[in-house]
Amino acid sequence: MEREFIPSGEALHTCNGHLLQRLAQAGTAWLEQNYESVNALNVFPVPDGDTGTNMLLTMRSACKEIAGLNDPHIGHVAQQLYNGALMGARGNSGVILSQLWRGFARAVEKDAAIDSEGLVRGLQEGVRLAYQAVQTPVEGTMLTVAREGAEEAALAAQHTHDLIAILDRVVARCYQSVERTPQLLDVLAEAGVVDAGGMGLTYLLEGMLRYLRGEPLEVAAAAEVGALQSALTPEDEQGYGYDVQYLIKGQGLDVDRIRADIEAMGWSTLVVGDSNLIKVHVHVHNPGEVIGYGASQGVLHDVVIENMDAQYERFVQERGGPHMPEREPIAPPPIAEGTIAAVTVAPGEGLRRIFYSLGAGRVISGGQTMNPSTGDIVEAINSLPTDKVIILPNNKNILMAAEQAAQQVNGKQVRVVPTQTIPQGISALLALDPHGDLDAVAKAMQEMSATVQTGEVTRSTRDAKINGLKVKKGQVIGLHNDRLCAVGDDLNSVVVELLKKMNVDDLELITLYYGADITPQEARTLAEHLMELYPNHEIELREGGQAHYYYIISAE
Amino acid sequence: MGEQKDENLGTILVSPTAVATIASQALLTSYGVVGMASKTAIGELAATLTRDPHHGIEVHYKDNRLIIDVYVIIQHGTRILSVANSVINAVRFQVEKAVGVPVYQVNVHVQGLRMMDERD
């Protein structure tokens, strides 16, 4: 983003079209930095998608509209922002946001530049229009936050004409207002969250304020590097330390006590076995201590010590280096006319690749946090050169869009096989017979999808108590067929616990699809442990590349 | 006829009117929806005369599946598609939460736009 130097500490008395343009971009950039935390505040499990994502997409559409603009007239720029927000409005929060811009644009339409009075007028008119578009405004939502922010602007403008000082007070008031939303709206209080739309709006305004103060926004390229670095940041200043693994052979070994002792020495602990043989895996800064402890318990075998800092550096070089090998692009397989083709939805490049390799006709990008629209699915169906199509939504939030799409397509026979998870979708796809009878094939795919057990491992976004399990924000959780059944602080232990709850003993094949946050090395380490735990099972490891979910596990 | 749920001790019947009441509450707080409308002009007149609280909402069961049709007026200058999608989600969610039966379809009929947004 091009940046005009604004000396810090100096007052700003007017804002023209050029500045508004950059403010909108800055607000959007800051929202982009924070939209996931907004998503985490979702209360209703409605397929509306996520508030943060919806607001971000709405603002991106607004920014796209003003991207090439070189107009100093603030009225014109505001009008374009509204047009873009209107066209791109997604979800309730996006529609409300577009109304705020609409009011702002109307209030300043004749102004080439605005002062503090214009800012207040713009905010107030935005709020007024936003309240008009609903029969019964609900307090404790984004509307409340916008209203209180505008009120604060009016109060502040009585004392100062400095736009930065006014915006500073608006942002502070918005934060207070967001904090108060659970007191106004019971559903928020019950869920223990604040209003997501209000939070998103606050981030948008805060981004503008940060820009005016010359504070970093970490946009675009910087954001990607930031995400990569934070994903790879050593757990503490001492670095990653060492990965230590060994077997203890002995008699009357106390697994629980040894596990507790090892856990106290390091992290990412995995201690499994019986009284005669125990496998230990742990990350520590001081490998000597762990080795010594092990030797005091029994005879050590297969000792492996790896320097993880070196691994980390190698990994960063491979991943972030300029010579990163380009992977072959994902290409859908050719679909013959008159055959049955599958349209499916998957997050992450790895999973999309897998679906294509299994013969899916089209794989739409999407999943837990980004639900494709009915239109996306219709488009995918229409792009196929055949008139017999089966949709695999792979997520219960996408089921409705899939069913709507099936009804909307003209001139094609479309069936929905209501798969709710990625493993179900993969299993169903295996039963796809392109030359069969459409209904018979759909039935066979449905039956096939029912044979697979799905496990998902992710991180809890808030405190909760579900199925008698207490979960703290940030803990790792394991879901079996969408039901919470394992909680813990250590990722690998949760996976082991989850597999126990999934009753995989009678099954044969366990497939792990590891997500974007997991390195291939971490995934391999886990897979090796699972091979030892389940010597009679076949364990497969595939790169899924999905966000948010460390592992998606299929067992069949 | 209403939606049936068989329980151990008897049968629970939920009438379409009850479903419509819940749907109307969801619509009142749906962002972008500024009013309800009838399917036909005569219906509109009747609703005005009777002050029907479920004006603009039709609930039917077809093949034992619950279908809700809503006839709404939307604020001009909002993205109609987004508003309608939110209506579908809100009605479905509120009805399913309150009644506990799956909603097969929510159809949104945009009967008009409110242009007026005059300055006070």
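In the predicted model, chain B and chain A meet through 30 residues of chain B and 34 residues of chain A. The area buried between the two chains is about 2600 Å², and carbon and sulfur atoms give 47% of this area.

On the side of chain B that touches chain A, at least two residues are supplied by each of α1 (16-28), β3 (33-36), α3 (80-99) and β6 (103-114) of chain B. The largest share of this side comes from α3(B), with eight residues. Sorted by class, the side of chain B that touches chain A holds 13 polar, ten nonpolar and seven charged residues.

Nonpolar packing was examined next. The largest nonpolar core comprises 100 residues, and those with the most contacts inside this core are A:Trp101, A:Leu201 and B:Ile68. Helix α9 of chain A (residues 196-213) gives the largest share of this core, ten residues. Leaving aside residues up to four places away in sequence, A:Trp101 is in contact with A:Leu20, A:Met59, A:Leu81, A:Tyr82, A:Ala85 and A:Met208.

How values were computed: Residues numbered from 1 in each chain as written. Chains lettered and ligands numbered in written order. Predicted model: local features only at pLDDT ≥ 70, side-chain atom pairs only at ≥ 80, totals over all residues. Heavy atoms only, no water. Core = buried A, V, L, I, M, F, W, Y, C linked by side-chain atoms within 4.5 Å. Buried < 20%, exposed > 50% of the residue type's maximum accessible area, 1.4 Å probe, protein only. Helix = DSSP H or I, 4+ residues; strand = E, 2+ residues; numbered from the N terminus. Contact = heavy atoms within 4.5 Å. Buried area = accessible area lost by both parts, 1.4 Å probe. Nonpolar A, V, L, I, M, F, W, Y, C, P; charged D, E, K, R; others polar.
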